[in-house]
Structures are given as structure tokens and as C-alpha cells.
Amino acid sequence: MTLRFLSGGLTGGRIVMLALLVAAAILVPVLNLALPESHPLHVPTYAVTLMGKYLTYALLALALDLVWGYCGILSLGHAAFFALGGYAMGMYLMRQIGTRGVYGDPVLPDFMVFLNWQELPWYWYGFDAFPFAMLIALAAPGLLAFIFGWFAFRSRVTGVYLSIITQAMTYALLLAFFRNDMGFGGNNGLTDFKDILGFDIQSDATRAGLFAASALALAGGLVIAVAITASKLGKVLIAVRDAESRTRFLGYRVEHYKLFVWTVSAMMAGLAGALYVPQVGIINPGEFAPANSIEAVIWVAVGGRGTLVGPIIGAVLVNFAKSWFTAALPEFWLFALGGLFVFVTLFLPKGIVGLAKSAVQRLRRMREPQTPGRETKTPREMAAARPSEQAAE
Amino acid sequence: MTVKHTKSLSGLALAAMLASTAFTGVQAQEETIKVGILHSLSGTMAISETTLKDAMLMLIEEQNKKGGLLGKKLEAVVVDPASDWPLFAEKARELIEVNGVSAVFGCWTSVSRKSVLPVFEELNSLLFYPVQYEGEESQRNVFYTGAAPNQQAIPAVDYLMNEEGVERWVLAGTDYVYPRTTNKILEAYLKSKGVADEDIMINYTPFGHSDWQTIVSDIKTFGSAGKKTAVVSTINGDANVPFYKELGNAGIKAEDIPVVAFSVGEEELAGLDTGPLVGHLAAWNYFQSVDTEVNAEFIDAWHAYIGDDTRVTNDPMEAHFIGFNMWVKAVEKAGTTDPDAVIDSIIGVTVPNLTGGYSAMMPNHHITKPVLIGEIQDDGQFETVWETSGLVVGDAWSDYLEGSKDLIADWRAPMSCGNFNTATGKCGGSGS
Amino acid sequence: MLALTLLCAVFAGTVQAQSADDDLRARLNALASGGFDETQRQIDAIAATGDPRAAPALEALSEGDLYFRQSDTAVFIVRKEGSGYRLQDPLTLEDTGTAGRREVKKIRVNNRLRRAIRTALGTLTLRAPDPAARIEAADAIFKAQDVDSIEPLDAALAAETDTDVARHMREARAAAVLASDRPTQDKLEAIATIAARGDRDARSLLTGISNGPDTALHEAANAAIAKVERVQGLWDTARNIWFGLSLGSVLLLAAIGLAITFGVMGVINMAHGEMVMLGAYTTFVVQSLFRTAAPEYFDYSLIVALPAAFLVAGLVGIAIERGIIRFLHDRPLETLLATWGVSLILQQSVRTIFGPTNQEVGNPSFMSGAFEIGQLTITYNRLWIVVFALVVFTVLLVAMKATRFGLYVRAVTQNRRMSASMGIRTPLVDALTFGLGSGIAGIAGVALSQIDNVSPNLGQSYIIDSFMVVVFGGVGNLWGTLLGAFTLGIANKFLEPVAGAVLAKILVLVFIILFIQKRPRGLFALKGRAVDA
């Protein structure tokens, strides 16, 4: 079954992306670990960690594309799922510190010792076990998304109302995790991690391993996303996006389809968060900031909404640009980034992937002169060619 | 690494190589000593941190005029961590690993410092942290040139108790680790001085809190219990302006309920009409109004550098001034910028501070400072009303907290420990 | 000291003026010597003379305007003039020339001294001709519970004709009596007088004696406190409502421009907050101009700033609409991305031009201070902001409902093509509508600059709240925005004392999420087909 779905959904670009990810998962660690630093092909650890971070962002963007690109749900709160997954991982890493914290308490993390807590709160139980933590990293965002979606989709909250309440959700979580009384470390969050599964978190090998895990997780996420979108269920999702009422009148329980893909997407985001935390070394309430969710939406838009491969490219490119700008133009990088967003929205309405596709089409037309097509389209015409957009919004 | 090689890879690997080549940038012609500046230039903290970046650039420029360091010029590497805490760690790594800086001056918030700590530890580099902070930390690679709680909070409370006869205390702060710790220390300290539980009110607000009506009204109510009341404010940066505006408008005068703040300096007051706030207090280790030769020179240099003689100076700038000079002196002493050598040589280094005395780097990586209490004046400056007679040694581990009263830090051999437990005689905190 | 005061009061008239003058001058000059403790002794001694001529000098001391000459320690009231100071004789207030910066030195005061001065001034100005000054004097004694002032108060009371002033004096006297060692009967009377005030200060005084050794007093005080607290419970509710209205009006101001650009036009305008910020910065620029060009008219700066902010933000808005948003009419969600980019650019522009630090925006005098209704302290700036928010709302409502422009706006947003075929110039209407929404955000910035930071981050702190208000109220409905803003404001302020500021905010957000489940299109939902777009 799955294979059939896949074969339907695996277009050229997606195959290339999958191959690239798998290749990167193998090659980058090898180039980092096996080659001496002086070797021209050596990939510095710094770059490995940075790319690992980009890949987790890419997974978040992919998750967002699944709901926005294929189901028309513009989530302005996806960073909340990402952060929840991150906190689950962070709690596991915190428990691994053991007596190596500054106060040397064998059970309590430093911030609890400091707040005079006498025992571990119940919701921290079990996080010393990696499988349990991973389960929660998926289950916590999934459950939140399920409950949130259960209510919202049944009440038929749609369009911009849904977007704004997802924003309210992530903002409320930001404030909640920010409170020291919640027991998640307050504004400082969780940090000073020592090791993961017994491996030193600062060693090159662990970093390379985490990078490989991120690349493979992204590849896995892409396969799942392709499988979902290429299946019959995926067709219904697109129908929901393009004409929700009509789909409902045809007898589909729209809210079930939405709820399914919404929950899957949240779990994917949670996994991304869980992989993100050990690589950047800190998780704090700042990850819940509404601005982060908006940025994730922008990655999707830059790469190309509803293309699955696009968001991955978009996330990596925008973040690479951000890393580069903040160092190269520390005083002016916001101009560059802001300008990029405006530019992409105005001139690349289908994102980078859309641009590439139309370039390919143009090439084909040039090769087959017997079917003359129009050479260019204005942004407005391109938009008009996508009736789906309006209904989705 | 050259561009030719990057072509041989594809896809993500390409991006990786691009990243590293881009960061490496053009090789400088002349060999320099690089100094990293890690302060947010955008986002919520830009308001405070941008000034520190400029101050560092000025200090580096002046040092170069004096002939640089070890015969080489200093070169500042500025990055923007954008008030994004994980980005601080990433940028710190970039500064050390890619740019190869010899020391980093930076961070403001506690969380940004916590975020970069593991990076400095792993890559063995130096961080000079210029802001007053909560203590409870001493790390081998970090030098804390701002005030520890015992260099700010406790003297301020003593002053209010003795000079103003305050018996009732409101501890108001933003809900993060610095106010939490400071308030815990103060609470323990006040109780040790016989202040009853019901005479202490603790209140926490979120970052950037802008509607202070309820809290100001609560403070007024709390202050009407027949005892002299004061507010100890650890409210962070941005939220102070609306807080003081509400305070001024609600008619709470410093004579009735004085507010002593630990995070309000000249820079924060620059956004305020201080007329209604005259007499409210702040505790720092430096005020712009301090009347010394070296301070006048510093202020003139700052005005000349920034090209605006209305710009103020403040305490964290002085901390960078001290920290930078200490680093320069330690590097000269060690004859190298190698971090291990500098870590050894910097302890005991003494440099002039801006208040007319000398500050020394202690074995716990904190420095000695005088404590000044100032009252806000209507020109936006502080007037010193009290100061410690000598220098106060920064205390990494508070004596007033249960978990840390037995801990000390000493980075000299043979102890070389940031959390040595004097009770158990072991390095590694207070646990079993 | 008491005897001394009496003596002075009695002899002040008879003793030769010349010797009293010398004596007072000597005492004033003595202020220049010694530390805070010494200065306090001198202040007490001056107060003890009971000579009202010392009042200006003490006031100047409290304000930090009393300096002494380094050469002879003579004391002067000074005013800054150029790089030096203009000197004034502290007693006769005559002009006595100027002095350079290094020639005179400020006499330092701290809070304790200011308190002592306030009390001293209270005693000295009890007989001042201005009733307001007499009330102030009485209140100062009330706060200080200055026992030595009972006698002067009795004397002043006997001569007092103004009933209001007399009441303040009686309360001040009662407060002083409570602190004195007078008999219980006197104190019981005093408690009754103070309990009648029924405010926080009264409670403060009564609490002070409620655990004394005298049981009769003790009980009377406790009974009085209970009474005061009952009254205060009611006032607390009133206060929460007022705070809620005030917060609501801030939310309304922040959101109302968005109610046009987002609510009416459907643009998810993430740059809305930056329009507010531009308005605040315009206020700063206007005020700076006033400060340098016409400081005496500073109070009018806001009146100039309002149209200026409207124009600046409005023009920027029109530029954004013409340059970006008009290309995105068919894809409203993507306006989010473009306007987010615009907001980053605007923030950084302001940071580059004005610097990242806070800018000082002053309150004009009519917006400073507070007044009291019963026990409700209402600050003028909050009051004006409530009034202003309502005025802006009304004007906007009229503009949208009763003008031709408003008609066009509604027509274009409901059906662009049909409007165009009816001859409405839709591009112009679009640009003007967006300009109007942005301009309104700009004048909101003028108001918000009075209570908040003026920094590049100003806009960011309001954008989320603004969206919540508009969505909660119902997109496209101005009344919904009004009601939404006040509901959220009041809910927040009633939750805050119970739950704390952070939790209150979380609860309000959860409430919005739940409310939207119940009414998926907000408080006032638009009806009709346009909604489904």
C-alpha cells in the first residue's frame, strides 16, 4: 500500500531530496570524523551542528507544509509543538546530568535546588528513560494538537480565526513556561546538558550522530508526508483546502481528516524539537514566541507551499541567510531579511520550487515550439491560476 | 578551504561548505588579535546591549591607538545574536571556532550567559560578562565583571534599613532567575535581620510588562500598614519605563515609599522624565556622575566616539572597561593570548576602575568593586548618597542561600574548582 | 524643642527683626556644613524658629537648588544659567549675581532629609495665605505625625475659616495626637476623626496603634480598621473596573487601526505595531522640536503630534499599500509574510536612525499627576487616554458609517468588482483605507508614548494583543473591537489581583481560545456571503 502511495507521490525532486538527505546523513559525519582537520574536504564540527539545526527547522517546515500546503490550515503556533518536543528532550537531558550540576544534587536539576524544591515534581518522573522521553516528545505535542484540533475543527473555526487562536495558544504556552513555578526552569529554560544516551553531548562523534539522526528523521518525515499526500486521504485533504464546504456536502467528515493531519504534523514538529535541543544545547520559553511560528510559515512560503520539498529548501536557505547575515551585516541584516520576505512574496508567489518548476516548463516549451505558451505571467495571473488559494483562506 | 573544493560536493554538504567559507571571510592581510563582541543588536535586548557593543569598539580602538597588544593590532569581530538565546550559543561557537577570537566580551541576560557557557567550556575560550547577575555560578572560562548580589543588593537594603528606617519591604521583579535569586537572598537576609514574614511582599511580572496599575496600587496598599515601606525593584529593562511613569503619576513619592532598583541605570532613565522620580534610588558600582578624573576622561572619550554628547554612560560599560583592561594586562603578563595562560595570569590583576579606585580579579573570577547608592536627580543622573568605605569582593555563592552557603570558588591550582564544598571538602556542589 | 517653638511663636513679633534675621541666616548657612545627620539637626532647628521666611530656602534645599559658596560657606538659592549659576539670597530672595560652576557646591539631600523638610515646611506654612498651601502643610504633618505641630495646629485651627482646610488640619492634629503621649480620651477622639477619612492612610495610621499596650485604644483602632476595610472592599472593585477600562482603552487604541487594515480590508498586517511605533517616534520628534524651539508651549506638543503622527504613519501606510499590498489582493494570507518583512525593515530603520535606546517622551502638565474620587486614584494620563480612545473610536465610526468615503470603503471590501463597475476608483479607496488604518495606529502611538517605552520594540509588544482584540470582537466590526478591548481589559484586571499578572494573561488567552470555539467568528460576526471568502 504504502509503496504504491509513494510511487504516486515520489516525483523527481522528492527522490533527489531523499537521496541527498540519506547521502548527507552518511557523508557529512564521515567527512567530519574520518578526515583530518587540515584536509580540504573536512567538514568542521561547527558546520555539522549548524546544518543539523537547519535540518530540524526543515522538519518543522515540512510539518507545517503538511497542514498549510495540503489542508489549508495556516498555523501560527507550530513552534509550540516544536518547543514541547524540545522540552521533553530537554527534561531527559536534564535528568542525565546527575550529580554533575553545580549543586551536585543527584536527583533535582540545578534550578529546582535553587528554588528550594525538595522533590521532583510528578511530571518529571520517567524522564530519565530515553524511550519514555521520546514517547512524550511525540505524545505531548500530539495530544495538545488533538485536543486543540478536536474542539477547533468541530466548531468549524477556520481561516484567520484559526490562525489567530493558534497564535494565542503558543503565546499562552510561552507565558506558562516562562513562570518559574511551572517547574520547567522559567526563562532560563533547560541547559548545561552533559550527555545523551551515555555519549558526551559535546563530542564531535555525538554531534555527527545527531546530524545524521536529523537528516534521517527529515527523510522519514518526507516519506510519511509523501505517503499521506499521495494517498486517497491526501486527495480529500486537498479537497478540504480548496472547497471545505463542498467536501463536507459530499459526505466527508472534514473535521476527522483535518484532525488526523493536524495531529501528525504536530508530532512531526515535536520530533524536530527533540532533535533540535541537544544540538543547540538549550531549550527555553523563547521557542514558543509567536515570531518563531511566523518565521516557520515564512520558510514554507519561501521554499514553496504545498510542495513538501520546497519548505525543506526554504528552511535551510532562510536560516543559512540568517546565520550569514547576522555575522556579515550585524547592523543591517534585518533589512536584508525583511527585504527577502517582501521580495519572495511579490515576485516568487510559488516560492523557489515554483520558480524552478516554471523555469523547467519554460525550457520544455522552448524545446517544443509547436505548443507556444505565454512566456511570462504576472504575479496576479499566477495567483488567479490557483483558485485553491482563496478558498483555503 | 577554497571555493574549488566546495564545488566538488553537492546539496546540503555544499551548504555546509558555503557556510564555513562565508564565515571565514577574507583572510586579514596583517596578523591581528581578534576580540569577539557578542551583544544583541536587534530584538528585545538591543536596547541595552547595543551601547555595550559601541563601548567595546571604543575600548579596542583606544587600545590600538596605544599600540595594540603584544605588538599586534586588535581586531573586533561583531556578531548579532538577535536576543535569541540559542543563537547566542551558535554565535559564540562561530566567534571561537570560525573567527578564532582570543576572548569574547558579551551577553546581558542570564539565559544568554547560560546558553553560551557550555560552548566556552568545550572550546576553552574566555568570556567577560559585564552585567550584574544572580551569582550562584563560577565557571573557569568566564569572568564576571558585573556585580554579584552581595555587591549590589545587600548594601542597598542595609542603606534603606539604617538610613531610612525601612521596616516593610516589597520585592518586585521580573520573573526570571536574577530577580528570583536576588529576592531569595534578600528575603533570607531580611529575615536574619528580624523582619517578619508579613512585612515582605514578593511580586513577579512578565518581561516587558506594561500595565502597572494594579501592582502600583498594591504597593500603595502594602505601604499603608503603618510602617515605613520601601520597594526593592529587580524589574528588568523595558518594563521600568511604564513602571516609573505609573509610579510618578500615582503620586508615590520617594519620601513616602522609596524604590531602590538594581537594573535601572542612566540608560534606562534616558527614556523618562525624572522630575517626579527624584529621590528614588539605585545601587550600582558606578554612576556617570562620579566626580573623578578618570571618569571624566572616559565620558569625554565616549562622547567623542559616539558623536553625541547627550549619550550617557552606565555601570555595565564600566564593567567592560575594567574587564577589557584586565584582559589586556593579563595577556601582557602571560605574553600570549592562550586562554589557559590568561586564566592563570589574570587572577590578581588590578586595574583602575572609573570611581577612583582599583578593581582586582579574584580567584573566584569575580572582581572587587565599591558599592554606590544613588538617588535619581531631575536631570536623569544619579547622585551618590552613600558608598561603601572600601571595596567589596564579589561572592559567587551566596552565604544566605541554603544550597550554596558552603560553596566557594577558587580557580587557582591546586583547587581549581568553581563549586568547592567546604563542608565535605570536595569539588562538585553540595550534594552527597 | 516644644518650648522653643512656643517661645518663638510668642516672641516672633516682639523681638527685633534684625536679630531674628541674623539668627535665621546663621542657621541657614549652617546647613552647608556636615553630613546628612548634621543637616537634619539644622533643618529641625530652622523649623523650630517657626519663621515662614525660611520656607523658600527649605523648599530649594528639598529640590536640590540650595548651594553654598566654597569661599565663605554662604548659602544661596541657585538657578542654572549658562555654564554657571545665578544666585539668590535665601531670605530676601534678592538677586545677588552669578557664580561659576566650581565656585558653589550643592548641599546634598536624601529622602530622609526631604521628609524632614516636608514636615518642617508643614509647620512653617500652616498660616500661608493660599488655602492649598495650608492643606499641603496639614497633610505633611498628617504623614509625619509630627507631635511638635499640635500646638501650632491648634493655633492655626482657631484662626482657620475655610472648612476644608480645617478638616485637613483636624485630621493632621489627630494623627499627631496618636503619636503623642496624650491621654487615652484624646486619642479615642483622634481615632474617630481618622476613621472618618476611611482611606489607606487612615488604615496605615490605625494599624500602627492597633497593637499598642492600651486595650481601649486597641479595640477602638481595630473597630475603626474593620470599618475602613469594608469601605475599601467596595473601592477595590471600583478600582479594578477603572483599571480594566484603562487597560481596555489602551488595547482599543492599539487595535483600532488594525480593525481597519485587518478587520475591514482583510490584510493580515503584521506591520501594524510598527505604525504605532512610528506614531510614538513622531511624538518624540515633535517634542524635541518644541523643547528646542518653544519650550514654553511644550504642553501643546501633543496637539501638534497627533496630526503629524497621523500623516507620517498614514503616508507610510499608503506607501506600503501601493508598493506591496495591492499586488496581494487575491492572496490575503500572503500579506502576512510581506508585512512581516516590512515590520522588520521598519524596526531596523528606526533603530538605525534614532538608536536602539529608549527615547524620552514627556507628559504635558495636563497629563501628569492624579486626582482622587473618594479613594480611587485616577491618574490624568490614564483618564485622557480613555477619553481619547473613545473619541478616536467615535470619529472612526462616523467616518465609516456616515461619510461617502466610508460608504466606498465598505462597498469595495464587500465586492470589489461591483464597486469598480459602479465607478468607484477602487485602487484609490484601497490606498486611502490602508492609510486611514495606519494613520489611526499612528495617533494611537502618540497616546501610548505617554505610558510606555518609546523604543524600536514598542510595536512588537502590542501586535499580538491587537490581533486578539480584533478577532475576539469579530473581524470587520468596529463595535466588536470596542467591546472586545474593554472585555479583555476588565477581565484581565479582575484576574490579576487573584492570579498574578502572568497567570491572568494566560487565563485571558485560554478564554479567547475557548470563546472562539463557541463563536467561531468572534463576538459580532459579519453575516452574509462575504464572510466565507
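Where chain B meets chain C, 55 residues of chain B and 53 residues of chain C take part in the contact, which here means heavy atoms within 4.5 Å. This is a predicted model, in which local features need pLDDT of at least 70, side-chain atom pairs count only at pLDDT 80 or more, and totals for chains, interfaces and linings use all residues. Residues are numbered from 1 along each chain as its sequence is written, chains are lettered from A and ligands numbered from 1 in the order in which they are written, and side-chain values use heavy atoms, with hydrogens and water left out.

How much area do chain B and chain C bury between them? They bury about 4300 Å², with 41% of it on carbon and sulfur atoms. Buried area is the accessible area (1.4 Å probe) that two parts lose on being put together, summed over both. Gln213(B), Asn249(B) and Glu255(B) supply 16% of what chain B buries against chain C, more than any other three residues.

Eight salt bridges cross this interface (a side-chain nitrogen of Lys or Arg within 4 Å of a carboxyl oxygen of Asp or Glu). One of them joins Lys493(C) to Asp211(B), at 2.5 Å from N to O.

| Class | Side of chain B that touches chain C |
|---|---|
| nonpolar | 19 residues |
| polar | 20 residues |

Conventions
Nonpolar A, V, L, I, M, F, W, Y, C, P; charged D, E, K, R; others polar.
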